[in-house]
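Subject: Structure for you to look at

Hi,

Here is the structure I promised to pass on. Could you open it and read my notes alongside?

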Amino acid sequence: AHPGYFAVATNWDGEWYRSIALHGYPSILPRQSTGAVAMSAWGFYPAYPFAVGALTRLTGLGFNLIAPLVSFLLGAAAVVVMYRLVNQTTGRLVASATVVLVCTYMAAPVMQISYTESMALLLACSALLLLRRRRYPWFAVVLTLLALTRPVAIVFVPVVLWHGIWRYRRRDLEPFPSSERWRVVAAGLVCLAATGLWPAIAGLVTGVPTAYTQTMSAWGSPGDTRVLTAWTVKAWESGGVAGSAVLAGAVLLLVLLLVRRGARAWGPEVRAWALAYPIFVLLTTAPGTSSPRHLFLAFPLMWPLPDPPTSRLDRRLRILTVAVLIVIGLASQWLWIDRFLVVSTTATVGLFP
């Protein structure tokens, strides 16, 4: 229906990425008439729009065609790397379940619109795979690209820390020489440095050291708590003690799933990511219509049972569970597209994916 698939697939934040792809970033930090920093392209990371912009100029095709196509291809590559990452330690059943449930997750259609999730998922899975294989220089390269795609490089600090601890505890079984230890330390420092890379670039170009953080605050409202307490405040405001109990129960369930013995099958890197990333989302975002999209990178939790089946009956029950979750996921995708991605009435204006 009018205006058509490609217009819908490049809407919302896609309009910001279009502006960056075609025109770059403003050299002067835009401000409102009151003097406060206004919404601008500086709130969006450059790797994805620069890649799309380069391809539009190279091919002569429009942003509306190139951006969804790039997202689709990056998403396809991401699930291939994801399968290899999970399959190495858990086997085909868990890897297949993880991939298919990621592809049928509520916000999975974001992998074919002009957003950064496809690129971020590919880079995150690649970084985890490189870290597991101890390819630390290449890990640093991919991590830096991820830091220019989405603000999630900080999540790799606890992942690298746990990787180092795991290697140190197994040093009697597998050598962990001092040179390798220093490489792990360097990888952790790269994660810290990369976290501040884009804010530093924004500050240098605009001449305002806090350009990025001020720009991001322009999307909030006065008194809006977006860091550390947004989820707990919302839980209390929405349901009082019951709402807070539900949030606490969800966090407890996450911890229990990841400390159980069976979770070791993921390997230390994926296991650490599965815990660190949801906590990062809890601490740095506010609950809203973007929350399903933010949780998309928590891919290991799409199938949180990495340990092998204990019997033939257990295997059949797991396959049946996956089939049921696929149906639920596809239904939720329809809901996400209908309510959040496509606006059909003015009553829903203001919601965005």
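This is a predicted model: local features need pLDDT of at least 70, side-chain atom pairs count only at pLDDT 80 or more; totals for chains, interfaces and linings use all residues.

Residues are numbered from 1 along each chain as its sequence is written, and side-chain values use heavy atoms, leaving out hydrogens and water.

Helix H12 (residues 230-259) packs against helix H13 (residues 268-284) at an angle of about 170°, their axes 11 Å apart. (Helices are DSSP runs of H or I, at least four residues, numbered from the N terminus; axes are lines fitted to C-alpha atoms over the stretch in contact, with angles from 0 to 180 degrees between N-to-C directions.) H12 is therefore roughly antiparallel to H13, a label for angles over 145 degrees.

The second largest pocket holds about 550 Å³ of space. (A pocket is an open set of points on a 1 Å grid over the protein atoms alone, where a 1.4 Å probe fits, with protein on both sides within 12 Å along at least five of seven lines; lining residues have an atom within 4 Å of a point. The volume is the space filled by probe spheres set on the points.) Of its 18 lining residues, Ala250, Leu254, Pro278, Leu295 and Leu301 are the closest to the centre. H12 gives the largest share of this lining, eight residues, and H13 supplies at least two.

Best wishes

Conventions. Angles under 35 degrees count as roughly parallel, over 145 as roughly antiparallel, 65 to 115 as roughly perpendicular and the rest as oblique.
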